[in-house]
Structures are given as structure tokens and as C-alpha cells.
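Could you have a look at this one with me? My notes are below, point by point.

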Amino acid sequence: MPQTNVRRLLPSIALLALASLIAKPAAADADRTPPPGGVNKLKPGIFVAEGARCSRPPNAAIRRYDGKGISSVHRRACIARILSKRRSGYGSLYKVSQSCIDTGAGPGKRVVEQQTIDIPDALHFTIRSQGNTAYRYCPIRELPPGLRATS
């Protein structure tokens with residue numbers, strides 16, 4: 001290839017390289033989950049206890065927030081009612097009365113539990129009334145296939 005043609009192509013190649021570096025992420029990386037909201041102002045989805053990996057959380061470390069309440073693998077269809085809310089450090093401290101069906105699947109009785117939940121932001125919460133267990137949000141792409149369907 002003549003040297004003059006190479007010199008003409010260099011600016012185009014440099015521009016393409018630069019464009020690829022600053023291009024937006026692919027649509028598959030976009031977060032299509034609902035925004036934070038609901039009763040506790042958390043992002044709906046799966047949360048895991050601090051120290052657990054999103055890709056392989058033990059059942060006891062999993063909580064699901066659906067905008068109505070925080071459920072576990074052994075309690076579902078939870079509905080939280082806020083009893084009080086106050087500012088706490090960088091977030092809010094909620095006292096709630098939460099009603100859940102006391103079984104992971106099938107028929108079960110509904111139980112009511114009082115909880116104190118510290119929510120510093122939409123992606124983290126600590127259930128103070130259950131031994132100060134802290135949870136963090138897990139993006140769907142980081143969850144195992146079985147949990148992705150429930151997010």
C-alpha cells in the first residue's frame with residue numbers, strides 16, 4: 001500500500017479507536033429493573049447478607065424486596081406497614097409491622113412481626129431487630145439462574 005494511503009487512513013483509525021473507548025455500554029448491560037420505591041424506598045429485587053456472594057448466596061442470606069415488604073425463602077407475600085420513620089445518620093430508621101405467609105410455598109398461616117430497619121440508601125438495609133443483619137442489593141446479572149427469575 002502506498003505511504004500516502006496509510007497517512008490518509010491513520011486519522012480515521014484513530015477516530016474509530018477513540019470512539020470505541022468512549023462508546024456507551026451495550027443494551028444488555030442496561031438496568032431495566034424498577035427504580036427504588038414502595039413502602040421502604042428500596043430498589044425492588046434480591047438482597048443478600050453482607051459477606052455472602054450474589055452469585056452463590058446461602059438461602060438464609062437471601063431477602064427479596066417487592067415494594068410491599070421484605071420476604072425470605074421461608075416467608076413470602078410480605079406486607080409492611082410503617083409504624084414510624086425517623087432520620088438516622090445518612091438514611092432512615094423504620095419501625096414496621098410486617099405480615100407474611102409463614103411458608104416458602106403452599107398454604108400457610110399469616111404471621112405478624114415487628115421490625116426495626118435501618119435504610120441508609122436504596123441498595124442497603126440492616127434489620128436491627130434481627131441481630132443487626134446488613135443486606136445489600138444484587139444486580140440480576142450477578143445472581144444465579146434460579147434467583148434471576150424471582151427478581
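**Notes on salt bridges, disulfides and the core**

1. Let's start with the charged pairs. The structure holds four salt bridges, a salt bridge being a side-chain nitrogen of Lys or Arg within 4 Å of a carboxyl oxygen of Asp or Glu. Before going on, bear in mind that this is a predicted model, where local features need pLDDT of at least 70 and side-chain atom pairs count only at pLDDT 80 or more, while totals for chains, interfaces and linings use all residues. Residues are numbered from 1 along each chain as its sequence is written, and side-chain values use heavy atoms, with hydrogens and water left out.

2. Have a look at Glu113 and Arg75, whose side chains meet in a salt bridge at 3.3 Å, N to O. This pair links distant parts of the chain: Glu113 sits in strand β6 and Arg75 in the loop between β3 (70–71) and β4 (76–88), 38 residues apart. Helices (H or I, at least four residues) and strands (E, at least two) are DSSP runs, numbered from the N terminus. Glu113 has 25% relative accessibility and counts as partly exposed; Arg75, at 26%, counts as partly exposed too. For the cut-offs, buried means under 20% relative accessible area, exposed over 50%, and partly exposed in between (1.4 Å probe, protein chains only). Arg75 and Glu113 are also linked with Asp102 in a network of salt bridges.

3. Next comes Asp118, which forms a salt bridge with Arg128, the closest N and O atoms being 2.9 Å apart. Is Asp118 buried or exposed? At 13% relative accessibility, Asp118 counts as buried, whereas Arg128 is partly exposed at 38%.

4. Arg64 and Asp66 form a salt bridge as well, with 3.9 Å between the closest N and O atoms. Arg64 is partly exposed, at a relative accessible area of 33%, and Asp66 is partly exposed with 33% relative accessibility.

5. Now the cysteines. How many disulfides are there? The count comes to two, taking a disulfide as a pair of cysteine sulfur atoms within 2.5 Å. With the bonded cysteines numbered in sequence order, the pairing is 1-4, 2-3.

6. Cys54 and Cys138 form one of them, their sulfur atoms 2.0 Å apart. The torsion about their S-S bond is about -80°, so this disulfide is left-handed. Cys54 lies in the loop between β1 and β2 and Cys138 in the loop between β8 and α2 (145–148), so the pair ties together parts that are 84 residues apart in sequence. Cys54 is buried at 5% relative accessibility, and Cys138 is buried with a relative accessible area of 1%.

7. Cys78 and Cys100 form a disulfide with sulfur atoms 2.1 Å apart. Their link is right-handed, with 120° about the S-S bond. Both Cys78 and Cys100 are buried.

8. Last, the inside. The largest nonpolar core has 24 residues, and those with the most contacts inside it are Leu42, Phe47, Ile117 and Phe125. Such a core is a set of buried Ala, Val, Leu, Ile, Met, Phe, Trp, Tyr and Cys residues joined through side-chain atoms within 4.5 Å. Its largest share, four residues, comes from β1. Ile117 touches several residues beyond four places away in sequence, including Asn40, Ile70, Tyr94, Phe125 and Ile127, where contact means heavy atoms within 4.5 Å.
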